[in-house]
Amino acid sequence: MSKSINKISSTTVPIHLENIDTDQIIPARFLKATTRDGFGDNLFRDWRYNSDNTPKKDFILNNPTYSGKILVAGKNFGCGSSREHAAWAIKDAGFDVVVSSFFADIFQNNALNNFLLPVIVSDEFLQDIFTAIEKDPKTTLSIDLGEQTITLGGKAEHFEINNYKKTCLLNGYDDIDFLLSIKPEIEEFERKQEAI
């Protein structure tokens, strides 16, 4: 499975709520696993399932009308504890992008480290997205990481991303892969230092 992200055009799953914290994303009782697999099954567990494990019909992830690789959420997504498992759960559930008007810093870094692209848009653009999806659940968003743009219909916004993380996402590099990719430059630098 490729970890790289470049251009993504997809329908979305909208969660029109603000201040979604990491315990709502993946409850603490599910943090015992030692691998990243299987966390997607418990994404938004307490919102998705009743106490008898039957799906809650009114929760968006249980509605077959909505699907796609892009999760759209309200402002201040990923607040609360610093658990990396929140990014694991979202990625494991099949999402490659989360769109919001604000992310908690630790969540944002955890997402980037786990090949999940957090795209920050203006409050107005976020509301436009929610409105468009409400009118047509098959609305698609297009994200171009290289150009750092997100497009809804004929309207586009530029989003910011750390250049290093952008390079890693475009190439599917984790930190070690990145260092290996610049090994010739590192070796050349060392040769020059030895010659001084």
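Which residues does K165 touch, not counting residues up to four places away in sequence? They are L112, N113 and D175, where touching, or contact, means heavy atoms within 4.5 Å. K165 itself lies in helix α6, residues 163-171. With a relative accessible area of 14%, K165 is buried; buried means under 20% relative accessible area, exposed over 50%, and partly exposed in between, using a 1.4 Å probe and protein chains only.

A word on what you're looking at: this is a predicted model, in which local features need pLDDT of at least 70 and side-chain atom pairs count only at pLDDT 80 or more, while totals for chains, interfaces and linings use all residues. Residues are numbered from 1 along each chain as its sequence is written, and side-chain values use heavy atoms, with hydrogens and water left out.

Now step back to the whole chain. The C-alpha trace spans about 70 × 45 × 30 Å along its principal axes. You'll find eight helices and seven strands in it; these are DSSP runs numbered from the N terminus, with helices being H or I over at least four residues and strands being E over at least two. Of the 196 residues, 43% are buried. Take the contacts between residues at least 6 apart in sequence, and 65% of them join residues at least 24 apart.

Next, look inside. In soluble globular proteins, nonpolar side chains tend to be buried together. The largest nonpolar core here has 52 residues; such a core is a set of buried Ala, Val, Leu, Ile, Met, Phe, Trp, Tyr and Cys residues joined through side-chain atoms within 4.5 Å. F77, I90, V99, L117 and I150 touch the most other members. Helix α5 (residues 123-135) gives the largest share of this core, six residues. I150 has contacts with F125 and I129, among others, and also with V99, V119 and V121.

So what does α5 look like? This helix has 13 residues and reaches 19 Å from its first C-alpha to its last, close to the 18 Å expected at 1.5 Å a residue (the expected span being 1.5 Å times one less than the number of residues). Its buried residues are F125, L126, I129, F130, A132 and I133. Seen down the axis of α5, they fall within an arc of 165°, so they line one face of the helix; the arc is that of the directions from the helix axis to the C-beta atoms. The face turned away from that buried side carries the exposed residues E124, E134 and K135. The buried residues of α5 pack against several strands, including β1 (7-15), β3 (97-100) and β6 (149-152).

Helix α5 turns up again in the lining of the second largest pocket, giving the most to it with three residues. Lining this pocket are P14, I15, H16, L17, F59, I60, Y66, F130, I133 and E134.

Finally, visit a few loops. N62 is found between α2 (45-48) and β2, and is partly exposed at 22% relative accessible area. N62 touches R48, P55 and K56, not counting residues up to four places away in sequence. N19 lies in the loop between β1 and α1 (22-25), and its phi is near 60°, a positive value in a residue other than glycine. N76, in the loop between β2 and α3 (85-92), has a positive phi of about 65° although it is not a glycine.

Note on methods: 1 Å grid on protein atoms, 1.4 Å probe; cavity = no way out; pocket = protein on both sides within 12 Å on 5 of 7 lines; lining within 4 Å.
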